[in-house]
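Dear colleague,

Please find the structure below, handed over for your records. A summary of the findings follows it.

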Amino acid sequence: MKNETEKYYVVEVNWTGPDQMSDRYIDFDRYEVTTEPPRNTSGDIQLSGWMGPNGDVSRYAHGEYDSQTAAEYAIIRMLDGKCRRHDEVDAAMELGVVALYRPGKYTPMSYEALANYIFESTENEAVHVPYGTITQEQMGRLVNDLRTLLRENGCDASEDRITEMLIDVCEMEMAVD
């Protein structure tokens, strides 16, 4: 039975260290709903604002709530609905975490994962890459096709990164229009 006086807290956790685009850290940032009040680096309870760094991780407190639902809704509002609930609560580093949200509608992809995805998509002909020199218009269509496939699989990458990877992975040359 739930303790009637139990409160819920929202804590934002961000990776500020190196290798932010690596597989390990590209989707590190998160919003945690916890039953434990957040504490700053001095060990004092802090309900709002920056709580200080812990190595390459920064933490921010975002309030106290009367229910888990209210705390989760606060996260969704903070992120303007552009977030996704993460089912692996054990990915959180703090005790008492009962829900975890990642910013962004889609999971971001590291350079290596994107390169592998593009290679596999072109090899199995999920997208058709023309041979030789291609125009910017052809590249635009190819990038849109790949981005659509990525999003259908719950992932995303910027158009610039997809273009860069296509040129690198497929050893393409673009004609100047």
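Is Trp15 buried or exposed? Trp15 is buried, its relative accessible area being 13% (buried means under 20% relative accessible area, exposed over 50%, with a 1.4 Å probe and protein chains only).

This is a predicted model, in which local features need pLDDT of at least 70, side-chain atom pairs count only at pLDDT 80 or more, and totals for chains, interfaces and linings use all residues. Residues are numbered from 1 along each chain as its sequence is written, and side-chain values use heavy atoms, with hydrogens and water left out.

Aromatic pairs. The whole structure contains three aromatic pairs (rings of Phe, Tyr and Trp, the last by its six-membered ring, with centres within 6.5 Å; planes under 30 degrees apart are stacked, over 60 edge-to-face, the rest tilted). Trp15 and Tyr25 are stacked, because their ring centres are 3.8 Å apart and their planes lie at 5°. Trp15 also pairs edge-to-face with Phe28, at 5.4 Å between centres and 65° between planes. Tyr25 is buried at 15% relative accessible area, and Phe28 is buried at 13%.

Charge over a ring. The charged end of Arg30 sits over the ring of Phe28, 4.6 Å from its centre (CZ of Arg or NZ of Lys within 6 Å of the ring centre and within 35 degrees of the ring normal).

Polar contacts. The side chain of Glu12 makes polar contacts with those of Asn14, at 3.0 Å, and His62, at 2.7 Å (a pair of N or O atoms within 3.5 Å, one able to donate a hydrogen and the other to accept it; residues adjacent in sequence count only if both atoms are side-chain atoms).

Yours sincerely
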